[in-house]
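Trainee: Could we go through this model together, one point at a time?

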Amino acid sequence: MLEPRRIEIAATPPRSRVIAADLCVVGAGAAGVTAAVEAARQGLRVCLIDGLPQIGGQSVNGLIGTLCGFYSTGDAPYQLTYGFASDVLADLRQAGAISHRPGRRSYVALYDEAELAAIYARHLVRAGVEVVLGAVLTEVTREGDRIGALLAQTRYGPVSVTATTYVDASGDAVVAALAGLPLQQPDVPVYGTTMFSVAGVRTPVPLRAAIIARLEQVAEAYGLTRKDGFVFAFPARDLCLVNLTHYDTPLDAVAMTARALDAHHTIARVMDFLRGEFPDAFGAARVQSVGQPGVRQTRGIVAQRCLTTAEVRAGIRPDDAVGRCAWPIEFHGSAEGVHWEEFPDGHLTWIPLSAMIARDVRNLVAAGRCIDAEPFALGAVRVIGPCMAMGAAAAAAARLANGDLHAVTPGNVQAIVADNLQRTDPAIV
Ligand SMILES: Cc1cc2nc3c(=O)[nH]c(=O)nc-3n(C[C@H](O)[C@H](O)[C@H](O)COP(=O)(O)OP(=O)(O)OC[C@H]3O[C@@H](n4cnc5c(N)ncnc54)[C@H](O)[C@@H]3O)c2cc1C
């Protein structure tokens, strides 16, 4: 090869990009990727933007580890969400990157996050979605009762997107916030977690009950506050994932950074605890990788209505249901522990379209963990299965809306996502 030469170039201003689309999705987590792929498959020109330089939001970057909410509960669990969700399950299976295990009278699926990222990437490209990563949304222009355009900043220059309809899949209702729309949030902090993986663990890994029992007795001695959490083994990957840190997740850059940094100290204390109390399993264990700070619940849009905890508890199926899931109420409302509210076999939580469509503008729909729901209710619908169901419903609504989601007939959305409301294929495990 010829030796390359050094060349001088003139200073160039950052290159600005302008994108026009039928649908712009903000947030490339499970909800946003699903919305983008499903909408593009239905013929919409779709732009998907995310502030991270990597695809997949928390489902890839948070070391989440298990897909939850995909199957019903009972003796014969069936799959609840189809379409792109089925493709993801099938592709993970084909790659040998998923293994189901029984839990909570259903199944959760351990998955390989690198393979999930590859699957997201492949389907986004195949569907023709214009994806812009590393693009932090900074401005939203509002024209009366419509969102007009979005502006995001990347390290390479600004990107502006004008679309007919917008999906807020940012988890924090960022589109709604920047548009000056009303928002809602729990009146208590909800705790997040930095997940981490551990290598060099000798089996058997202690059961969750044993870990919790020891934490009850010795957490303070190790400088730990959380007493309810777990460690689960990925036998095929020869590692464990640990879910034992807890911190509030304020929507403030400086405060949130402090939480992220402090999590590393907590991880060291968790390792001291595991090594000290379970030396047979963890005596030679070491931290292998650390996920991005995991944020469970912050702020949501104000939609046409709110999904209530009473509805979730009663398993009420609203007239405009567009998705379903089976997961307990899981609410991380204290530093010490988790509020779990289990439901009987066969219980389903139904997600209404009206809890996703913004009340005060006509072309914004939320999907994922920033829909309008009471705090406990969101605790039942924010796992990955229902996030994908919401993404699919948002895509269907956007396709029908032609810019006016308030004019969409829920029955027409239900017809598009009918599988997610009716099919009962037995779980393939
Ligand atoms: C520690 C932890 C453990 C969990 N365990 C499980 C589990 O075992 N199984 C399960 O199914 N679920 C689990 N969950 C829940 C689940 O992972 C999330 O609720 C779900 O992945 C949320 O998906 P989402 O698409 O709504 O949001 P996210 O995955 O949070 O995606 C939102 C995206 O929006 C982007 N964004 C935000 N603001 C901006 C901005 N201003 N500009 C541009 N982009 C922006 C973010 O970068 C992000 O990629 C867990 C959650 C946590 C925190």
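Mentor: Domain bounds here come from an automatic or database domain assignment. This is a predicted model, in which local features need pLDDT of at least 70 and side-chain atom pairs count only at pLDDT 80 or more, while totals for chains, interfaces and linings use all residues. Residues are numbered from 1 along each chain as its sequence is written.

Trainee: How far apart do the C-alpha centres of domain 1 and domain 2 lie?

Mentor: The assignment gives domain 1 as 17–187 + 298–331 + 338–422 and domain 2 as 191–290. Between their C-alpha centres the distance is 28 Å.

Trainee: How many residues does the contact take from domain 2?

Mentor: Two residues are in contact if their C-beta atoms, placed from the backbone, lie within 7 Å. On that basis domain 1 contributes 10 residues, and domain 2 contributes 11 residues.

Trainee: At what angle do the axes of helix α1 and helix α11 cross?

Mentor: Helices (H or I, at least four residues) and strands (E, at least two) are DSSP runs, numbered from the N terminus. Axes are lines fitted to C-alpha atoms, for helices over the stretch in contact, and angles run from 0 to 180 degrees between N-to-C directions. The axes of α1 (residues 30–41) and α11 (residues 384–401) come within 7 Å, and the crossing angle is roughly 35°.
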